[in-house]
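Student: I have the sequence and the model open. Can we go through them one question at a time?

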Amino acid sequence: MQGIKIQNIIGILIGSAIFSFGFVHFNMQNQLGEGGFSGITLILYFTLNWDPALMNLLLNIPMFILGWRLLGKKSFIYTIIGTLSVSVFLKIFQIYEVDMNLQDDLFLVSLFAGVFVGIGLGIVFRFGGTTGGVDILARLSNKYLGWSMGKTMFGFDFFVIILSWMTFLDARSMMYTLVAVYVGGRVIDLVQEGAYSAKGAFIISVKSDEIANLITNNMDRGVTVFDGHGHFTKEHRDVLYCVIGRNELVRLKNIVHGVDPHAFVSIMDVRDVTGEGFTLDDKKQPLH
C-alpha cells in the first residue's frame with residue numbers, strides 16, 4: 001500500500017516486543033500498575049484474571065471504530081499493527097515467561113518497567129505507530145471537545161492509577177507505579193527526540209565577528225547570525241547562534257569570554273540534532 005514502509009512496520013514490531021516484555025516481566029510479575037489502557041488490562045487481570053493480551057485487543061476495537069477516520073489511512077494501519085503486535089507479544093511472553101525474581105526490590109522493578117515501556121512505546125511512536133487506546137481517545141477529545149491531548153492523556157492515566165489503587169494496588173505499590181510511569185514518560189521523550197543531545201548557544205557581544213570566526217575556525221562549527229536590537233537601549237547587535245556537542249561547552253565559553261568577558265551567553269539543551277557535523281560529514285555523507 002502506498003505510503004506504508006516496511007522499515008516502519010519492523011520498527012513498530014520491535015517496539016511492541018520490548019514494551020510487551022517489560023509489561024509481562026515487571027508489571028505483571030510484581031503486581032505493578034500502569035497508566036492508560038494497559039493499566040486497565042492490569043486491573044482486569046489482577047481482579048478478574050482476564051488475559052491482558054485479549055483485553056488489550058477488545059478494549060481497542062471501539063477506539064478503532066471511532067478513530068479510523070480521524071487517524072488517516074496510514075496512521076490507522078500502523079495503529080492496527082501496533083495494537084495487534086502488542087497483544088501477540090503479550091501472549092507469547094506469558095507463555096514463555098522468565099522469572100526475574102525481583103519481588104523484594106520494587107524500586108528496581110519500577111525502574112525497569114519504566115525503561116522497557118518507555119523504550120518500546122518510544123520506538124513505536126518514532127516509526128509512526130501507536131498502540132491505540134488513550135492516543136485515539138485524546139485525539140477525539142481534542143477534535144470534538146477542544147481538550148488538549150496532553151491533558152487528556154494525563155487525566156486518563158491519573159484516573160487509571162487511582163482505580164488501580166482502589167482495586168489491587170497497595171499504597172507502596174502505587175507509589176512505585178508512579179515512579180515507573182514517570183520514568184516511562186521520560187524515556188519515551190528521549191527515544192522520540194533522539195538519544196544524541198547537544199547544546200545550543202545564543203551569544204550577544206560587541207565583538208561578534210571575532211567570536212564567530214574563532215568558533216568557525218577553531219571549533220569547526222557553523223554559526224548563524226541574527227540581526228537584533230535591545231528593547232531598552234535600542235542598540236543593534238548581531239546575535240550568534242551555534243550548536244555544539246556537550247563536551248565542547250567549556251571550550252566555547254573559553255573562546256567567548258577570552259574575546260569579550262562581558263558577552264551575554266545563553267545555553268540550552270538541543271535534542272535530535274541532524275546535519276553536518278552531527279549526522280553528516282563535511283561532504284554531506286552520513287557519519288558512521
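Student: What volume does the largest pocket have?
Tutor: This is a predicted model, in which local features need pLDDT of at least 70 and side-chain atom pairs count only at pLDDT 80 or more, while totals for chains, interfaces and linings use all residues. Residues are numbered from 1 along each chain as its sequence is written, and side-chain values use heavy atoms, without hydrogens and water. A pocket is an open set of points on a 1 Å grid over the protein atoms alone, where a 1.4 Å probe fits, with protein on both sides within 12 Å along at least five of seven lines; its volume is the space filled by probe spheres set on the points, which are joined across faces, edges and corners. For the largest pocket the volume is about 820 Å³.

Student: Which residues lining the largest pocket are the closest to its centre?
Tutor: Lining residues have an atom within 4 Å of a point. The largest pocket has 32 of them, and the closest to its centre are Glu34, Met153, Asp157, Val181 and Ile188.

Student: Which helix gives the most to the lining of the largest pocket?
Tutor: Helices are DSSP runs (H or I, at least four residues) and strands likewise (E, at least two), numbered from the N terminus. Among those supplying at least two lining residues each are α2 (36–48), α5 (106–126) and α8 (171–193). With nine residues, the one that gives the most is α8.

Student: Is Ser205 buried or exposed?
Tutor: Ser205 is in the loop between β1 (197–204) and α9 (208–219). Buried means under 20% relative accessible area, exposed over 50%, and partly exposed in between (1.4 Å probe, protein chains only). Ser205 has a relative accessible area of 4%, so this residue is buried.

Student: With which side chain does the side chain of Ser205 make a polar contact?
Tutor: A polar contact is a pair of N or O atoms within 3.5 Å; within protein, one must be able to donate a hydrogen and the other to accept it, and residues adjacent in sequence count only if both atoms are side-chain atoms. The Ser205 side chain also reaches the backbone nitrogen of Lys207 at 2.9 Å. At 2.6 Å, the side-chain partner is Asp260.

Student: Why is the pair of Tyr45 and Phe46 edge-to-face?
Tutor: Rings of Phe, Tyr and Trp (its six-membered ring) pair if their centres lie within 6.5 Å; planes under 30 degrees apart count as stacked, over 60 as edge-to-face and the rest as tilted. The structure holds 12 aromatic pairs. The ring centres of Tyr45 and Phe46 are 4.9 Å apart, and the pair is edge-to-face because the planes are at 70 degrees.
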